[in-house]
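Opening the notebook on this one. I want to see how the chains sit against each other, then pick one residue and follow it.

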There are 4 protein chains.
Amino acid sequence: MKIDLNCDMGESFGAYTLGMDSAIIASVSSANIACGFHAGDPQVMRQTVELALKHGVGIGAHPGFPDLLGFGRRNMDCGSEEIEAYLIYQIGALQAFCTAHGTRLSHVKPHGALYNMAVGNDGLIRSIARAIAQVDSNLFMVALAGPHADHTAEIAEAEGIITLFEAFPDRAYTPEGTLVSRRLPGAVIHDPEEAAARAVRMAVEGVVVAVDGTGVPLKVHTLCVHGDNPNGVALAATIRSRLEAAEVAVIPMAESLLR
Amino acid sequence: MKIDLNCDMGESFGAYTLGMDSAIIASVSSANIACGFHAGDPQVMRQTVELALKHGVGIGAHPGFPDLLGFGRRNMDCGSEEIEAYLIYQIGALQAFCTAHGTRLSHVKPHGALYNMAVGNDGLIRSIARAIAQVDSNLFMVALAGPHADHTAEIAEAEGIITLFEAFPDRAYTPEGTLVSRRLPGAVIHDPEEAAARAVRMAVEGVVVAVDGTGVPLKVHTLCVHGDNPNGVALAATIRSRLEAAEVAVIPMAESLLR
Amino acid sequence: MKIDLNCDMGESFGAYTLGMDSAIIASVSSANIACGFHAGDPQVMRQTVELALKHGVGIGAHPGFPDLLGFGRRNMDCGSEEIEAYLIYQIGALQAFCTAHGTRLSHVKPHGALYNMAVGNDGLIRSIARAIAQVDSNLFMVALAGPHADHTAEIAEAEGIITLFEAFPDRAYTPEGTLVSRRLPGAVIHDPEEAAARAVRMAVEGVVVAVDGTGVPLKVHTLCVHGDNPNGVALAATIRSRLEAAEVAVIPMAESLLR
Amino acid sequence: MKIDLNCDMGESFGAYTLGMDSAIIASVSSANIACGFHAGDPQVMRQTVELALKHGVGIGAHPGFPDLLGFGRRNMDCGSEEIEAYLIYQIGALQAFCTAHGTRLSHVKPHGALYNMAVGNDGLIRSIARAIAQVDSNLFMVALAGPHADHTAEIAEAEGIITLFEAFPDRAYTPEGTLVSRRLPGAVIHDPEEAAARAVRMAVEGVVVAVDGTGVPLKVHTLCVHGDNPNGVALAATIRSRLEAAEVAVIPMAESLLR
């Protein structure tokens, strides 16, 4: 069995450091690198590509809205042509650093509000898939696992793009397979062992236990962990350790797809 | 005989229009497209790539300092690693739009202060050439023709990059082959026929007449014209017309190099 | 009788010119000056304050979302604390230029998406009014005339701010007193005489003729004209001329309130 | 005896935290607050004003170049009109938050490259002083103590602005009273007790011991400490403690001037 562990990285900017990239990198198999719109800058992008290469970690673009002040977390009412152009631009910029270091991008995972707005939004999914297809149709699109997954995959496929689905071992799920809102109590699982147990079940059985105790089937290619604080780093290390103990290989999403 | 006519384009931004791109495009053979740092934005970049393609015009990246407010015209004291990363980023972003439209970049011409600061600045030339080489060593670097040219070419060549030299038919030259400062009277030639006659002599003989009347040899691959005002557009049209009347083919710089 | 004619100004940025400020200024009595977030920059702000002063035109702040790329026209999902802070910042910045030139701000008119989102949005109106009150409670808030006006005024008044209402002589209105969407045919009135006749009726009778021919009462303190194209400038000149012919004094909104 | 301890604050931006403001605030008497160009944002500015007020700390503006990516540390070749407009804008923006919280600005200290470029640069000092004078001639200008001080004060005074001079207890000085370049060994003093002893001597005797052992007279109104790392915070606490033990009152610079 195989699974990918991905983490958003390269979110520092100029004099500002964000995220413990050099600590979390040891636990993951894919890095989603910010591309300078909501976070990241050219030097940070280069350094993060180097870091990923050094650790044999797959590299993906993590494009966001042009909103550095809001860290790309605020919904912006952009048109489909704007979205496409913003993604082509950001993917291309990161691709150039990959080329400079003799490697290639494997995937594109939208960031923050762009990621969230895309859930169940056919037009936005189509724009994202089209942008990716125009740059390199071999790039995977990463989207949220759950009830919208199949429909999302169909839309992307119509544009020639394969979708990989992502789940969150440290987040509570509804019986419908959607994330419990962060505003609700219990939405985030802080215990590393509990999160790791959930990760193992996601990887081995393709199932997440919902808040009502039911087991919900969830097609998952990659699990998202967080490197923006010491707890996140520790949680990711535990998840990796427990996955490997369960004989689940932690490998970049492009390879894990080939199972 | 062959020469390239190039023009800076794609300098609009959001709601702001700058330059008469759709008018000047008919007269030129290469477009230097701004990449979103000093000017340009993702949608403008895409539209300008489309415009260039439609007119069979060669496409180059026109990267600048991260200074939209100053239009990249203000010297900034950036380190060599910053310069390299900024150029890799910008070239990559534009490259993605070329890929999206089934074409390729031909060259890189730095903009404004970055272009001017590089004249005679070995370290900066090296940084620019290195950045280009890391993205695609088939891209030409465009630099100012004149006394620094041979040395510039050597530095770039050591990084694997071929330099093409640019002259300005509408600018006065010193007997040393440098541009007369814009602050001096007569620095800019406004008469289209005079500029055109100079362009023809540059292309046919590789010579520019200096302010003291002497003919100065100038190795030139491309002539720069301006599309930011109606006079510039008219002047460019006259230059093209007189070049063609003199049996000088106006073709993209990549092709003109092959003579 | 008195009315104010206002126009958005100071929307140029760096090398980019937008709007025919020096032409439209002769026709208006109030200038809403962009504050550097969606448009405008410090030098443009200073020059526009000088222009307004020279022509005896009242000066207001025209703050917007931090979205230069989208010209502040895209809805952004900002929290109330963000909105308040963005407005305090922008109003203060413009106020400093007024102080530098020995004058004072008279009003605040939100721009673009911020203006439109506020219509009927109690929380957003409250945030805008609170921001204004924290800087200077003598500043008027400008909002859209129409069915929401009284409620808007109440919310602002609770924060200590007086609201002035704005109408558009060149826009079609519904029988409910709302603007006809720009997407519908006939939404914009291009004929200067027709727009001027509507402006006179708004000023003299406080009435606008809706698309179904009914006269709709509309409490109006200021009429908005546009200086971003030659037609807008000509239309504004005609409106001013016809207002004066009808013995309606065109004076800054602060003074017109005192009737 | 009296002295001011100042620290640059409010340098966080959006999701990015920089500086340990809430820790260093207990040790200082003046806060120089970033104004959104090189660092800081509207919400951070408001929060930092609140923090300063809560601790009875004087508030100054800390304007910089429009270079968030370079944190205002890179020289930019801006004209005098640009500099003036950038400072008026930034001071005004911060002033509005002071007004909102019922307090006033006391001083203006340029940041980074703008601060360093001004040392010995008459034109730049004049631009800074003029900008301050146009907003509020009661604001002090903070500049580097040392051999240029008297001349700097004269230039500012001609614009109606009083200059206060700043020294660095944790920096080595040349016998001429200038800072030893950070690139040289020993340029920065890391031992809190040594820095504190130097601070006491600066405050009590107006003398700094240069690298050659000579005592150099230095007119000083305020001492700069740093809150961007735990060592800086500890060093500032020691300085304050030793100053008070030596019966030097640590008070805001506006008040310390009145001695």
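**Entry 1: what I'm looking at.** I'm working from a predicted model, so I keep that in mind throughout.

**Entry 2: symmetry.** I superposed chain A on chain C, and a rotation of 180° does it, with 0.0 Å of shift along the axis and an RMSD of 0.0 Å. That is how a two-fold axis relates two copies. I then looked for the C-alpha of chain A nearest that axis, and M76(A) has it, 2.3 Å away. The two copies use the same surface, since 100% of the contact residues of chain A recur in chain C.

**Entry 3: size of the A/B contact.** Next I turned to chain A and chain B. Each side puts in 22 residues: 22 from chain A and 22 from chain B. Between them the two chains bury about 1900 Å², with 63% of that on carbon and sulfur atoms. Which residues of chain A lose the most area to chain B? I get P42(A), Q43(A) and Y89(A), which together make up 32% of what the chain A side buries.

Entry 4: I counted two salt bridges between chain A and chain B. One I noted down pairs E84(A) with R46(B), where the closest N and O atoms are 3.5 Å apart.

**Entry 5: which elements supply the chain A side.** α2 (42–54), α3 (80–100) and α5 (122–135) of chain A each give at least two residues to the side that touches chain B. Which element gives the largest share? That is α3(A), with 13 residues. Sorting the chain A side by type, I find 13 nonpolar residues, five polar and four charged.

Entry 6: I picked A85(B), which sits in helix α3 of chain B, residues 80–100. Is A85(B) buried or exposed? A85(B) has a relative accessible area of 0%, so I log it as buried. Leaving out residues up to four places away in sequence, A85(B) touches P42(A), Q43(A) and F97(A). Two of those names were already in my notes: P42(A) and Q43(A) are among the residues of chain A that lose the most area to chain B.

**Entry 7: a distance check.** I also looked up A85(B) against P147(B), 62 residues apart along the chain. Their C-alpha atoms are separated by 28 Å.

Terms used: Residues numbered from 1 in each chain as written. Chains lettered and ligands numbered in written order. Predicted model: local features only at pLDDT ≥ 70, side-chain atom pairs only at ≥ 80, totals over all residues. Heavy atoms only, no water. Least-squares fit on C-alpha atoms with pLDDT ≥ 70 in both. Contact = heavy atoms within 4.5 Å. Buried area = accessible area lost by both parts, 1.4 Å probe. Salt bridge = Lys/Arg side-chain N within 4 Å of Asp/Glu carboxyl O. Helix = DSSP H or I, 4+ residues; strand = E, 2+ residues; numbered from the N terminus. Nonpolar A, V, L, I, M, F, W, Y, C, P; charged D, E, K, R; others polar. Buried < 20%, exposed > 50% of the residue type's maximum accessible area, 1.4 Å probe, protein only.
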